[in-house]
Amino acid sequence: MSSHKFLTLDDVETSNKRIFLRVDINVPLDPSTHQILDDTRIKAISETLARLEDARVVLGSHQSRPGKDDFTNMQPHAEALAECCNQEVKFVEDVIGPHARQKIADVQPGQILVLDNLRFCAEENVDDKPEKLLKTHFATAHRSQPSIVGLTDALPSAAGRLMEKELRAVSGLLVEPRRPCVYVLGGAKVEDKIPVIEHILTRDKADKILLGGVPAKLFLRAMGEKISTEDEKEMAGLQAQIKHAKALAVKYKDKIEVPIDLSYEDARGKRTDQSIDVPLKESALDIGVKTIEKYSKAVEGAATTVANGPLGVFERNGFDLGTKQVLESMAKSNGYTVIGGGHLVGLASILGIDERFKHVSTAGGAMLSLLSGQSLPGVDALVRAADRMRTQKSN
C-alpha cells in the first residue's frame with residue numbers, strides 16, 4: 001500500500017468505540033417491488049464488519065439518487081445485511097434527525113445501526129470542496145460529498161477492509177501488471193471508458209483493449225467502419241468522443257480491438273450475426289460469434305485480464321452470449337482476473353463463477369476513476385486524516 005498513505009483498520013483501536021462506517025451498498029433493485037436483485041456489494045463488506053464486531057457501528061450508505069425509480073429507503077439492505085454478518089442489525093428510518101441521533105446514542109458494542117438513505121439529505125447530493133462540506137449538518141470514494149469527505153476531515157478516519165482490498169487490486173494494475181495484459185471494456189457509457197483507454201495505453205499498462213457495447217460502436221464509427229442506421233443515430237450526440245476515439249485508434253491501432261461481427265435481432269426476434277461490413281438497420285445488441293471466439297482466445301492467453309461493462313444488451317434473451325462466454329473464458333484462465341461494474345459482477349454471480357475471479361470489484365465508478373488516473377476525493381480525505389492523526393501523536 002505504499003502508494004496510498006492512509007490508515008487501515010490495523011492502525012486504529014475500535015473496541016467499544018462508536019464507528020461511522022460509510023459503505024457503498026447501492027444495489028440493483030426490482031423497480032416494482034424494490035426487492036434486492038443482487039447482494040454482492042452487501043456481502044463484500046462482511047470482512048470489515050467482522051473486524052468491527054466489538055465496536056458500536058453506525059452504517060451509512062445511499063441507494064440511487066433523487067428522481068430515479070430505485071431511489072428508496074435502506075430497510076431491505078439492513079435485512080440483507082443481517083443475513084450475512086454475525087452482529088445484531090437495526091434500522092432507523094432517519095439520517096441526521098432527532099430519532100437517528102437517539103438511536104446512534106443507544107448503539108451497543110456488537111450492534112450495527114443502519115441509517116436510512118443518506119441521499120434523503122439534500123446536502124449529500126452536492127459535490128463540493130472539503131472545507132465547505134465540513135460545515136454541513138452532515139459532516140463513495142470517487143465523490144466529494146459530506147459523508148465521504150466532510151466527516152473524514154472532522155473525525156479520526158481509516159480505510160475499511162474492502163477499500164483497502166480494492167485499492168490494492170486496482171492500483172497494482174497501474175504499477176506492474178503481469179503481461180500480456182488485456183482489458184475488456186463494454187457497457188452503455190463511453191465517457192468513463194475513453195479516459196481509461198487513454199491512461200492505460202499512454203502509460204503502457206495494457207497490451208490489448210477489446211471493445212464491446214457502446215464503446216465498440218463508437219470506435220467502429222471513429223475508425224470509419226459502417227454501423228447500423230439506429231446506431232448511427234445513437235452516435236449523433238457523441239462527436240467529441242468520436243474525435244477522441246479516432247485519435248486513440250490512430251495512435252494505438254495495434255492495441256485497440258473492435259468487433260469483426262455484430263449480433264442483431266431478426267424479424268422473428270431471434271439472434272442473427274453479421275460481419276461489420278454489412279450492418280443492418282437495427283441497433284446491434286451483442287458482439288458476434290466470430291468476435292466472441294477471438295476475444296475468448298485473447299483472454300485465455302492473457303496473464304492479466306480486466307473487464308468492466310457487458311459486451312451487449314445481456315438482459316435480452318440470446319444477446320448475453322458474448323458477455324457470458326468472455327466471462328467464462330476469464331474464469332477458466334490461470335491469469336490474474338479482475339471484473340468490475342454492477343451488471344458484469346451481477347451476471348458473474350448469476351452464472352455462479354464470481355468466486356473464480358482473482359478480484360471482483362464492487363467499486364463501480366471509483367474503479368474506472370482510478371484506472372483513468374484520477375484522484376479519488378475519499379482517498380485524498382483519508383490521507384489528510386492520516387497526516388492529521390500522525391501530527392497529533394507526535395505533538
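Q: Which residues line the largest cavity?
A: The lining is Val184, Ala307, Asn308, Gly309, Leu311, Thr323, Val326, Leu327, Met330 and Leu344. A cavity here is a set of points, on a 1 Å grid over the protein atoms alone, where a 1.4 Å probe fits but cannot get out, and lining residues have an atom within 4 Å of a point.

Q: Before we go on, where does the model come from?
A: This is a predicted model; local features need pLDDT of at least 70, side-chain atom pairs count only at pLDDT 80 or more, and totals for chains, interfaces and linings use all residues. Residues are numbered from 1 along each chain as its sequence is written, and side-chain values use heavy atoms, with hydrogens and water left out.

Q: Back to the cavity. What volume does the largest cavity have?
A: About 60 Å³. That is the space filled by probe spheres set on the grid points, which are joined across faces, edges and corners.

Q: Which helix gives the most to the lining?
A: α13, with four residues. Both β11 (304-308) and α13 (321-332) supply at least two. Helices (H or I, at least four residues) and strands (E, at least two) are DSSP runs, numbered from the N terminus.

Q: How do the lining residues divide into nonpolar, polar and charged?
A: Seven are nonpolar, three are polar and none is charged. Ala, Val, Leu, Ile, Met, Phe, Trp, Tyr, Cys and Pro count as nonpolar, Asp, Glu, Lys and Arg as charged, and the others, Gly among them, as polar.

Q: New topic. Which residues of α11 are buried?
A: Ile242, Ala245, Leu248 and Ala249. They cover an arc of only 125° around the axis, which puts them on the same side of α11. The arc is that of the directions from the helix axis to the C-beta atoms. Buried means under 20% relative accessible area, exposed over 50%, partly exposed in between (1.4 Å probe, protein chains only).

Q: And which are exposed on the other side of α11?
A: Ala240, Lys243, Lys246, Val250 and Lys251.

Q: What do the buried residues of α11 pack against?
A: They pack against α8 (194-202), α9 (213-222), α10 (229-235) and β7 (256-257). Contact means heavy atoms within 4.5 Å.

Q: Why is α9 largely enclosed?
A: Because nine of its ten residues are buried. Among them are Val214, Leu218 and Phe219. Gly224 follows α9, and its phi is positive, near 85°.

Q: Last one: is Arg41 buried or exposed?
A: Arg41 counts as buried, because its relative accessibility is 15%. Arg41 sits in helix α1 (residues 40-44). Leaving out residues up to four places away in sequence, its contacts include Asp24, Asn26 and Thr362.

Terms used:
1 Å grid on protein atoms, 1.4 Å probe; cavity = no way out; pocket = protein on both sides within 12 Å on 5 of 7 lines; lining within 4 Å.
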